[in-house]
Amino acid sequence: TPLIMCVTSAAGRRWGPGFSGWLTGLPLLAGPVSVFVCIEQGPDFARQAAGGTLLGMWSSCAFCLAYHALAHRGWVAAFVAAVVAFAAATAVLNPMSLPPWAGLLGVACLAWACLKWIPAPESPVATNRPPRWDMPARLAIAAGFVIVQTGIARWLGPQLSGLVTPFPIVVILLTAFAHHQLGLPAATRVLRGFLVGMYAFAAFFWLVAVGMEPLGPALAYPVALAACLAINGLALWGL
């Protein structure tokens with residue numbers, strides 16, 4: 001997980017914050033969490049959690065909208081608003097139980113709506129040398145999230161565990177750091193890249209949810225990852 005975070009952050013510095021946001025369409029943290037949960041709690045738990053993750057991505061859309069709405073007040077206010085929005089949406093969605101196809105359809109519609117609501121910035125992104133503590137802080141937070149998430153999965157249960165799995169810890173780190181160091185246009189580009197990559201992210205967990213039982217985890221995860229890579233590649237080519 002720290003290696004994934006390091007590669008994503010380095011890619012953002014090399015090709016811009018929008019590219020690092022697009023990379024988060026890959027299940028960088030949620031994928032390992034799902035695999036570890038499957039090993040520790042069993043395939044049926046992971047299958048149910050994957051369905052919950054699709055609903056949890058609705059909360060990720062609320063996260064993006066809240067950050068964008070408060071971004072003009074600075075990264076701290078936007079950070080807090082985004083986390084609160086994700087938590088509130090998760091609380092609302094927790095009692096719901098929808099089939100995976102409904103969760104996937106909701107993600108597609110909400111991501112499209114968010115991209116319409118959050119316009120691409122016209123001003124260029126500023127350049128700045130990050131402080132020395134920047135990368136170690138990112139790696140420590142990302143690793144800690146996976147440890148905590150897998151550790152409390154049994155206590156949360158498959159539904160709530162799935163809902164909190166897509167909490168965009170990578171995105172909030174990339175967005176907040178970009179906002180603080182490079183300005184609002186950079187943060188907006190990370191959010192839009194994340195929303196574009198959300199289609200591939202949703203496809204991964206939809207395939208895990210519907211393929212876990214007939215295919216088994218040893219085949220369901222590679223198939224889901226292959227589809228995720230293909231869709232994210234097409235998204236980048238389209239951009």
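Residues are numbered from 1 along each chain as its sequence is written. In this predicted model, local features need pLDDT of at least 70 and side-chain atom pairs pLDDT 80 or more, while totals for chains, interfaces and linings use all residues.

The structure contains two cavities of 30 Å³ or more. A cavity is a set of points, on a 1 Å grid over the protein atoms alone, where a 1.4 Å probe fits but cannot get out; lining residues have an atom within 4 Å of a point. Points are joined across faces, edges and corners, and a volume is the space filled by probe spheres set on them. Nonpolar means Ala, Val, Leu, Ile, Met, Phe, Trp, Tyr, Cys and Pro; charged means Asp, Glu, Lys and Arg; the others, Gly among them, are polar.

| Cavity | Volume | Lining by class |
|---|---|---|
| Largest | about 130 Å³ | 13 nonpolar, two polar, no charged |

The largest cavity is lined by 15 residues, and Leu29, Phe167, Pro168, Val170 and Phe201 lie nearest its centre. Helix 9 (169–182) and helix 10 (184–215) are the elements that each give two or more residues to this lining. Helix 9 gives the most, with three. Helices here are DSSP runs (H or I, at least four residues), numbered from the N terminus.

The lining of the second largest cavity includes Val33, Ser34, Val37, Ala46, Ala49, Ala50, Thr53, Ser161, Thr165 and Phe205. Two or more of its lining residues come from each of helix 3 (30–41) and helix 4 (43–70). Helix 4 contributes the most, with four residues.

Notes
Side-chain values use heavy atoms; hydrogens and water are left out. On a 1 Å grid over the protein atoms alone, a cavity is a set of points where a 1.4 Å probe fits but cannot get out, and a pocket is an open set with protein on both sides within 12 Å along at least five of seven lines; lining residues have an atom within 4 Å of a point.
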